[in-house]
Amino acid sequence: MVFFKNKKILVKIFKVIFLTIMLFSFIFYIYMFFSQKKEIIKSLSLEANSIANIIVYVNTDGIILNDGYKILDYSKNFMEKDKSIKSIIFSKTNEKNYVIKRDTWSYENKIDDTYTNLEKDQPSYKIIYSPILKEKVFHYVFPIIFSDTKWGWLHISVSLDKYNKLLENMYGNFIMFFLLILFIIICLSYFIAKLFAEPIIHLNEITKNIAKGQFELRSNYKSNDELGELANSFNHMLQKIELSHKELKKSNKQLKSEIQKGFRREALLIQQSRLAAMGEMIGNIAHQWRQPLSVITTAASGMKLIKELGINEDKKAEVEKLTGIINSSNYLSKTIDDFRNFFKEDKEKEYFNIKQKVEDSLRLVKDTFEFHFIKVEKNYTTDKKAYGISNEYSQALLNILSNAKDAVILNKIKEPKIKIYSFEKDNYVCLRIEDNAGGIKNNVIKKIFDPYFTTKHKSQGTGIGLYMSKVIIEQNMHGKLEVENSKEGAVFTISLPIKKNTFE
Ligand SMILES: Nc1ncnc2c1ncn2[C@@H]1O[C@H](COP(=O)(O)OP(=O)(O)O)[C@@H](O)[C@H]1O
Ligand SMILES: [Mg+2]
């Protein structure tokens, strides 16, 4: 049915109402049917009663005088007039009985029990199978009483034709009535179901739209029952959802722009930290190049002077000077490679040897440290490989080394010393870098990892070094970068996981 398409609740309510009404109507029908049947039999009995009265009346003489011929004659006559009467029996107490049929009659000593069972003080009737007529009949038994003495009973068997006709009529009426009632029940059930289901279907439709992201729709169902209340609170809820959805959208937008701003800030920081690292590296390069450049300059200018003076230098000395120039140039080109490697943007994670990375980084700062008389003490107690980005690890390490150098210079430490110690702890490969510059003040130590925090002069410090080192070690490599003060100075510990993180 078109009505019920996609309206499951309507169908359910309809079914319940329909079946309930049908059940009650069915019980009512059955009751009506039997009471109607009873009525028909009652009307037949009334008719039979008046016939019996007439028969007894016309036969009074014959009965009192016990004149069988008279009784027979009258009865036959009567049956001739009323074709529906099939048989008449005069059953006398303790005497013979007259059994009269349409075509014959007999004088019997005893009549069948089917008949005698119905002989009572009051008139009685029943539909029976007549043993003498061999068919079903309506049987009426009437007690014959004259001046307080019972003479006997009058039995009348009436044909069932009339009864069947009435019954047939009743069936016809019932079917018509049933169809009408069925139609009314269907209509009624549908309207009641619709009345209940409509607001629910409507709310359901709205809910579907909400799922699609439409929050503007409202239920327009108005009633002061529970369904009306439901629609009301539903609308109220929708209003709240719509409002919070709008707010969510707004804050989402804000969040997006915040994140974008954050990304931009982060990118700027990375850029700045790279520039700062490069600046420091240029300082290191300057120190590293000072010596080989002076070797080259000395050798070259010596050779030039000899050439200008026209002195004939011996070949061996000349080759020695040239070898010095070549060696120094080679050294320069090698340091360039070292620095280039250091700035390589290699983000691949790998297992790498900590000791080797420390040695590589120390080589880059060796000349700078020597220039400032900084001694480096090393102690490697593990050769376990760590998992991370080796280049970024070097950058963080150089930051820390460079800070230590700055600290010993700034505090004018007489015998500046940096102790480097590697060890293994709780599945981490750790590197401890300790200087003897006196440590970091308590109010400063809390902020050293903040971006742009520096205690150095503008031209010297950027405040990005430790922030970036922390990001590199903790976010990019799932390691730890911690700081503390020892008796001598500041202690930085870099810990990297030995095993690859299971979530990576
Ligand atoms: N070894 C150290 N000894 C004392 N103070 C230090 C040491 N390392 C870092 N600091 C402090 O932490 C601050 C932040 O360092 P960093 O982030 O590298 O920035 P910058 O070196 O540009 O100042 C430094 O300004 C300094 O005050
Ligand atoms: Mg620094």
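1. A word on conventions. Residues are numbered from 1 along each chain as its sequence is written, while chains are lettered from A and ligands numbered from 1 in the order in which they are written. In this predicted model, local features need pLDDT of at least 70, side-chain atom pairs count only at pLDDT 80 or more, and totals for chains, interfaces and linings use all residues; side-chain values use heavy atoms, with hydrogens and water left out.

2. Start with the ligand. There are 18 residues around ligand 1 (near means a heavy atom within 4 Å), and D435, T454, T455, K456 and T462 come nearest. By class, this shell has eight nonpolar, eight polar and two charged residues (Ala, Val, Leu, Ile, Met, Phe, Trp, Tyr, Cys and Pro count as nonpolar, Asp, Glu, Lys and Arg as charged, and the others, Gly among them, as polar).

3. The polar contacts (pairs of N or O atoms within 3.5 Å) deserve a look. D435 places a polar side-chain atom 2.8 Å from a nitrogen atom of ligand 1. The backbone takes part too: a polar backbone atom of G463 is 2.8 Å from a ligand oxygen, and a backbone N or O atom of L466 lies 2.9 Å from an oxygen atom of ligand 1. On its own, ligand 1 has 530 Å² of accessible area, of which the protein covers 93% (Shrake-Rupley method, 1.4 Å probe).

4. Which elements build the shell around ligand 1? At least two residues each come from α8 (390–410), α10 (465–476) and β13 (490–497) (DSSP runs, with at least four residues for helices, H or I, and at least two for strands, E). The most, three residues, come from α8.

5. Ligand 1 takes up the space of the largest pocket (on a 1 Å grid over the protein atoms alone, an open set of points where a 1.4 Å probe fits, with protein on both sides within 12 Å along at least five of seven lines; lining residues have an atom within 4 Å of a point). Its volume is about 1,200 Å³. Among the 50 lining residues, S402, N403, D406, A407 and K456 lie nearest the centre. Here α8 again gives the largest share, 13 residues, and the lining divides into 24 nonpolar, 18 polar and eight charged residues.

6. Please look at the second largest pocket as well, with about 270 Å³ of space. Its lining has 17 residues, and N341, F342, K357, D360 and N391 are the closest to its centre. The largest share, five residues, comes from α7. By class, this lining has four nonpolar, five polar and eight charged residues.

Methods: A polar contact is a pair of N or O atoms within 3.5 Å; within protein, one must be able to donate a hydrogen and the other to accept it, and residues adjacent in sequence count only if both atoms are side-chain atoms. A molecule sits in a cavity or pocket if more than half of its atoms lie within 2 Å of its grid points. Grid points are joined across faces, edges and corners, and a volume is the space filled by probe spheres set on the points.
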